[in-house]
Amino acid sequence: MNEEDRIHLFLETNKSEFTRKDYMTYFKDISSATASRDLKNAVENKIIIKSGDKKTTTYKPK
């Protein structure tokens with residue numbers, strides 16, 4: 001499963017605000033670096049919106 005597939009699958013089940021930790025809990029087999037990369041690319045591709053910084057970062061569907 002590629003990063004775009006993971007993001008879309010996650011967003012189908014999670015319509016509210018979420019954190020990287022929530023994303024990693026859903027996909028137990030990915031590393032922290034992979035989760036960060038997936039979320040960064042989703043923000044760049046305007047699939048999700050990022051709020052906050054560092055430990056307070058949250059994401060929500062666009």
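Tutor: With a relative accessible area of 3%, phenylalanine 10 is buried (buried means under 20% relative accessible area, exposed over 50%, and partly exposed in between, with a 1.4 Å probe and protein chains only). The model is a predicted one, in which local features need pLDDT of at least 70 and side-chain atom pairs count only at pLDDT 80 or more, while totals for chains, interfaces and linings use all residues. Residues are numbered from 1 along each chain as its sequence is written, and side-chain values use heavy atoms, with hydrogens and water left out.

Helix H1 spans residues 3–13, and its buried residues are Arg6, Ile7, Phe10 and Leu11 (helices are DSSP runs of H or I with at least four residues, strands are runs of E with at least two, and both are numbered from the N terminus). These residues sit on the same side of H1, because the arc that they cover around the axis is only 125°, where the arc is that of the directions from the helix axis to the C-beta atoms. An α-helix has 3.6 residues a turn, so residues three or four places apart point the same way. The face of H1 turned away from this buried side carries the exposed residues Glu12 and Thr13. The packing partners of the buried residues are helix H2 (20–26), H3, strand E1 (48–51) and strand E2 (58–61), with contact meaning heavy atoms within 4.5 Å.

The aromatic rings come next. Six aromatic pairs are found in a search of the whole structure (rings of Phe, Tyr and Trp, the last by its six-membered ring, pair if their centres lie within 6.5 Å, and planes under 30 degrees apart count as stacked, over 60 as edge-to-face and the rest as tilted). One of them joins phenylalanine 10 to phenylalanine 18 in an edge-to-face pair, at 4.7 Å centre to centre and with 65° between the planes; both of these phenylalanines are buried. Phenylalanine 10 also forms an edge-to-face pair with tyrosine 26, at 5.4 Å centre to centre and with 80° between the planes. Since phenylalanine 10 lies in helix H1 and tyrosine 26 in helix H2, this pair ties together parts that are 16 residues apart in sequence. Tyrosine 26 counts as partly exposed, at 36% relative accessibility. Ring pairs link Phe10, Phe18, Tyr23, Tyr26, Phe27 and Tyr59 into a cluster.
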